[in-house]
Amino acid sequence: MNLTLKIWRQKDANDKGKIVDYPVSGISPDMSFLEMLDVLNQELIEKGEEPVAFDHDCREGICGTCSLYINGRAHGPQTKITACQLHMRSFKDGDTIYIEPWRAKAFPVIKDLIVDRSSFDRIQQAGGFISVNTSGNTQDANAIPIEKENADKAFDAATCIGCGACVASCKNSSAMLFVSAKVSQFALLPQGRVEATDRVLNMVKQMDEEGFGNCTNTGACEVECPKGISLENIARMNREYLAASFKG
Ligand code: SF4
Ligand code: FES
């Protein structure tokens with residue numbers, strides 16, 4: 001396949017940035033999208049040019065780092081997959097492909113296609129954990145019976161990989177789907193109830209301080225989430241927040 005790539009290049013956080021055209025040829029439909037970018041970067045290095053900076057780690061849909069906006073969609077044209085799981089057979093010979101970083105005030109561009117998502121880490125640190133006494137008297141987790149429905153919902157919420165596609169695809173750059181997944185994964189389990197009040201208040205406070213927008217129920221986040229995290233989690237977080245506000 002021969003393609004024209006239109007890629008966002010930006011030297012650093014202060015650079016204005018611009019789209020630069022790169023033709024690539026000899027791309028196999030069986031290559032992953034990131035392998036196609038590797039081919040381009042190899043060519044750029046051989047020509048003595050600066051390779052395109054992009055984030056990646058696991059390349060199997062687990063780590064959430066491959067934050068690419070491809071042809072106007074977070075993680076590209078397929079649903080429920082990350083950019084690293086996207087293959088070139090999803091495109092046609094002769095296609096023009098736009099590749100941009102996530103766009104959100106709370107995710108500033110570091111270089112080219114790499115954004116700073118440490119705002120997500122700070123939200124997690126504000127409450128996305130449980131405190132466990134490890135003095136030797138720790139209760140076996142399986143000793144507490146949990147309803148199957150709640151266990152399944154908690155597990156589904158826990159599959160959020162913190163990629164940020166929900167923020168990137170939201171017109172308000174809202175992080176509600178991410179935060180609600182993190183709140184829900186604990187709120188649905190007895191182990192998470194102990195700190196539930198502080199957790200939701202602190203995580204929402206941190207989310208607001210980071211500059212994410214609010215949710216206006218458009219639902220783009222759910223459509224573009226590679227893990228299929230449900231909007232139900234946002235409703236649960238809102239209920240948790242309301243109850244916690246009365247208590248707190
Ligand atoms: S909710 Fe989905 S889109 Fe948002 S960070 Fe988690 S996995 Fe990514
Ligand atoms: S590189 Fe880890 S999810 Fe894509």
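**Talking through the labels**

Biologist: Why is Ser180 called buried?

Modeller: Ser180 has a relative accessible area of 0%. Buried means under 20% (exposed is over 50%, partly exposed in between, with a 1.4 Å probe and protein chains only), so Ser180 counts as buried. Keep in mind that this is a predicted model, where local features need pLDDT of at least 70, side-chain atom pairs count only at pLDDT 80 or more, and totals for chains, interfaces and linings use all residues. Residues are numbered from 1 along each chain as written, chains are lettered from A and ligands numbered from 1 in the order written, and side-chain values use heavy atoms, leaving out hydrogens and water.

Biologist: Where is Ser180, then, and what does Ser180 touch?

Modeller: Ser180 is in helix 5; helices are DSSP runs of H or I with at least four residues, strands are runs of E with at least two, and both are numbered from the N terminus. Leaving aside residues up to four places away in sequence, Ser180 touches Asn233, Ile234 and Met237. Contact means heavy atoms within 4.5 Å.

Biologist: And Thr4, why is that one called partly exposed?

Modeller: Its relative accessible area is 29%, so Thr4 falls in the partly exposed class. Thr4 belongs to strand 1, residues 3-9. Among its contacts beyond four places in sequence are Tyr22, Pro23 and Asp95.

Biologist: What does Asp95 touch from its side?

Modeller: Asn2, Leu3 and Thr4, again not counting residues up to four places away in sequence. Asp95 sits in the loop between strand 4 (73-74) and strand 5 (96-100). Asp95 and Asn2 are 93 residues apart along the chain, yet their C-alpha atoms are separated by 7.6 Å.

Biologist: What makes the buried residues of helix 2 line one face?

Modeller: Those residues are Ser119, Phe120 and Ile123, in a helix spanning 118-125. Seen down the axis of helix 2, they fall within an arc of 100 degrees, so they line one face. The arc is taken over the directions from the helix axis to the C-beta atoms. Their cover includes helix 4, helix 5 and helix 7 (196-209).

Biologist: Which residues are closest to ligand 1?

Modeller: Cys160, Cys163, Gly164, Cys166 and Cys225, out of 13 that surround ligand 1; the cut-off is a heavy atom within 4 Å. Helix 4 (165-169) and helix 5 (176-187) are the elements giving two or more residues to that shell.
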